[in-house]
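Hi everyone, thanks for coming. Please bring the model up on your screens, and let's talk through its charged pairs.

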Amino acid sequence: MKIIYQQDEKDCGVTCIAMVLSNYKTKIPIYKLREISGTDLHGVSALGIKETLELFGLICQIGQANNEVWQETDLPLPLIAHVISEQKYPHYVVVYKVKGNQLFIADPAKGKVKKSIEEFAKEWTGVLLLASPKESYQPSIEKVDGLSSFLPILLEQKALIFHIVLASFFITLFGIISSYYFQGLLDNVIPNQAKSTLNMISIGLLFVYLFRVVFEYSRSYILMVLGQRMSMSIGFRLL
């Protein structure tokens, strides 16, 4: 059993779905499983897990059992068990092997662990989701989009990106001008006590700083707009 770790506290259910599907050579991105199963801020229900597994060609049954179930020789493994975590929160784990009195568990929060049946019973609610492939089952693999898949989205916003680069260029240029100003101030103006020159340069530098503030504000605003547009574009792609 390949362990998959949950990305968030609410993801234990969909991560268990991913591990069971992976055992049958089906690989689906977590974000897609969240959407299909109806995962929300409270996680996913047992019914949501059942319907998601069935959507990908598995037969899934939800049942209430006791410790005697671990002695059954025809128990379909891996299976998903509902437990109460140490923090007293509902949690899902995958039981992928039973050997004597020991249960081999893939916990999406902790990794692979081994517990006795009696020890596991202290946290187990008795709920099991038993999954097995249908006769017509066919594995499916859905690749996670790489960075290259986002290039079209970036190209759609090339005008905004151009203005961000342009603003960054001027901000850097103003920084260079400021450094040369202070260097010239220390080397020439102050030693020669050229007050009139100092006043003129200072006024010019004031305008440089004002322009720099304007460009920095403009860049921040454009970055915010770019982020919002890209979030919307990515969101539409995932629908």
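Let me start with a definition: a salt bridge here is a side-chain nitrogen of Lys or Arg within 4 Å of a carboxyl oxygen of Asp or Glu. What we have is a predicted model, where local features need pLDDT of at least 70, side-chain atom pairs count only at pLDDT 80 or more, and totals for chains, interfaces and linings use all residues. Residues are numbered from 1 along each chain as its sequence is written, and side-chain values use heavy atoms, with hydrogens and water left out.

So, how many salt bridges does a search of the whole structure find? Six. Let me show you some of them.

Take K115 and E123, whose side chains meet in a salt bridge at 2.8 Å, N to O. K115 is buried, at 14% relative accessible area; buried means under 20%, exposed over 50%, and partly exposed in between, with a 1.4 Å probe and protein chains only.

Next, R34 pairs with D11, with 2.9 Å between the closest N and O atoms. Helices (H or I, at least four residues) and strands (E, at least two) are DSSP runs, numbered from the N terminus. D11 is buried, with a relative accessible area of 0%.

Finally, E86 and K110 form a salt bridge, their closest N and O atoms being 3.1 Å apart. This one links distant parts of the chain, 24 residues apart: E86 is in the loop between β2 (79-84) and β3 (90-99), and K110 in the loop between β4 (102-107) and β5 (111-116). E86 is exposed at 61% relative accessibility, while K110 is partly exposed at 47%.
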